Amino acid sequence: MKSKKAVNFEAQYDLSLLPKLVNLGLTQQEAEIYLTLERGGTLHAKDIASRVRILPHAVYRMIRKLEEKRLVSIITSSPLTFHVLPPELALSTFVKERALAMEKDAKEIYSSLNSHQTLPSPTQIGVIVGKQEFFAESEALINGSKKEVLIISIGEPSTTELILADKKAIERGVVVRMIAHKFDKENQEFLNNLKKNGLEIRHFPDWGFHLQVVDGLKSLLTINDPKNPEERTTVKINSAGLSKALRDYFYSIGKSL
């Protein structure tokens with residue numbers, strides 16, 4: 001008989017409303033209890049339990065959640081009774097608040113994902129052999145620069161493409177600074193032309209290596225063969241930590257000039 005009573009009661013509300021309420025954010029049991037109260041009026045926990053066919057303590061748990069959603073009200077009596085708040089107001093408010101909460105969550109997720117995307121890449125080290133290969137890699141790094149390019153160079157003439165890359169970087173607002181090991185009649189005109197393009201150049205007597213640090217994130221460290229300057233080996237460094245150390249080295253020399 002109890003089973004028949006439950007079936008009869010279920011027939012009193014539109015079962016198609018259950019998935020709609022679930023889509024709004026209610027659980028299946030919350031939706032069943034909500035519709036039970038909406039059709040049954042003010043009910044005790046035992047009344048709801050028998051009609052929804054769950055234990056009374058589960059009814060209390062679901063009612064508390066519906067109360068938090070401000071869809072039902074608990075009447076203080078002995079025993080406690082429950083009734084649905086006016087649906088046209090309560091459901092509308094619930095949907096708006098849920099939409100705002102979802103929008104806030106979406107913004108936080110986007111912000112978190114975006115911050116992860118901008119984290120520096122893990123350390124990567126590569127080796128490049130040859131003078132022209134070094135020039136090509138140097139040009140590629142400068143073309144991708146956004147804020148700063150630091151160069152310690154022998155001061156030898158480079159390729160037209162590399163000079164143009166420096167010039168375009170400066171036009172984008174990138175600061176390009178250079179410390180030249182050599183500054184004499186042989187390369188004076190070359191360095192003066194670089195200055196005209198906007199490079200900041202200082203002289204520090206040394207020999208045998210080339211350093212380039214781009215945006216404090218990527219670097220090139222090149223070792224030359226003194227007997228054959230055409231032969232050189234370059235270590236390509238993709239590491240914020242190592243590049244910062246090399247950047248600090250550049251400025252430690254610059255301060256002494």
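Visitor: Let's start inside: what volume does the largest cavity have?
Guide: Keep in mind that this is a predicted model. A search of the whole structure turns up one cavity of 30 Å³ or more. The volume of the largest cavity comes out at about 190 Å³.

Visitor: Which residues are closest to the centre of the largest cavity?
Guide: The lining of the largest cavity has 20 residues. By class they split into 11 nonpolar, six polar and three charged. Closest to the centre are S153, S158, L162, M178 and H210.

Visitor: And which element gives the most to that lining?
Guide: Several elements each supply at least two lining residues: α7 (131-143), β5 (148-153), α8 (160-171), α9 (188-196) and β8 (209-214). With four residues, the top contributor to the lining of the largest cavity is α7.

Visitor: Now for the open side of things. How many charged residues are in the lining of the largest pocket?
Guide: The largest pocket has a volume of about 260 Å³. Its lining is made up of A140, L141, G144, S145, K146, K147, V214, D215, L217 and K218. Sort those by class and you get four nonpolar and two polar residues, while the charged ones number four.

Visitor: Where does R53, with its positive phi, sit?
Guide: R53 isn't a glycine either, and its phi is about 65°. As for its place, R53 is in the loop between α4 (45-52) and α5.

Visitor: Speaking of α5, is α3 roughly parallel or roughly perpendicular to α5?
Guide: Helix α3 (residues 28-40) packs on α5 with the axes 10 Å apart, at an angle of about 85°. Angles of 65 to 115 degrees fall in one class, which means α3 counts, relative to α5, as roughly perpendicular.

Visitor: How many nonpolar residues does that contact have?
Guide: On the α3 side the contact uses Q29, E30, I33, Y34 and L37, and α5 brings V59, M62, I63, K65 and L66. One residue of the contact is polar and two are charged, while the nonpolar count is seven.

Visitor: What's the strand order in the open sheet of three strands?
Guide: β1 (43-44) and β2 (72-75) are the edge strands, each pairing on one side only. β3 (residues 81-84) runs antiparallel to β2, joined by four bridges, and β1 is joined to β3 by two bridges, also antiparallel. Put together, the order is β1-β3-β2.

Visitor: At what angle does α5 run to β2?
Guide: Helix α5 (residues 56-68) lies across both β2 and β3. Relative to β2, its direction is at about 120°.

Visitor: Last one: which peptide bond is cis?
Guide: Look at the hairpin that joins β2 to β3 through five residues. P79 is in that loop between β2 and β3. With omega near -5°, the cis bond is the one from S78 to P79.

Methods:
Residues numbered from 1 in each chain as written. Predicted model: local features only at pLDDT ≥ 70, side-chain atom pairs only at ≥ 80, totals over all residues. Heavy atoms only, no water. Pairing = 2+ DSSP bridges. Contact = heavy atoms within 4.5 Å. Axes fitted to C-alpha atoms, helices over the stretch in contact; angles between N-to-C directions. 1 Å grid on protein atoms, 1.4 Å probe; cavity = no way out; pocket = protein on both sides within 12 Å on 5 of 7 lines; lining within 4 Å. Points joined across faces, edges and corners; volume = space filled by probe spheres on them. Nonpolar A, V, L, I, M, F, W, Y, C, P; charged D, E, K, R; others polar. Parallel < 35°, antiparallel > 145°, perpendicular 65-115°, else oblique.
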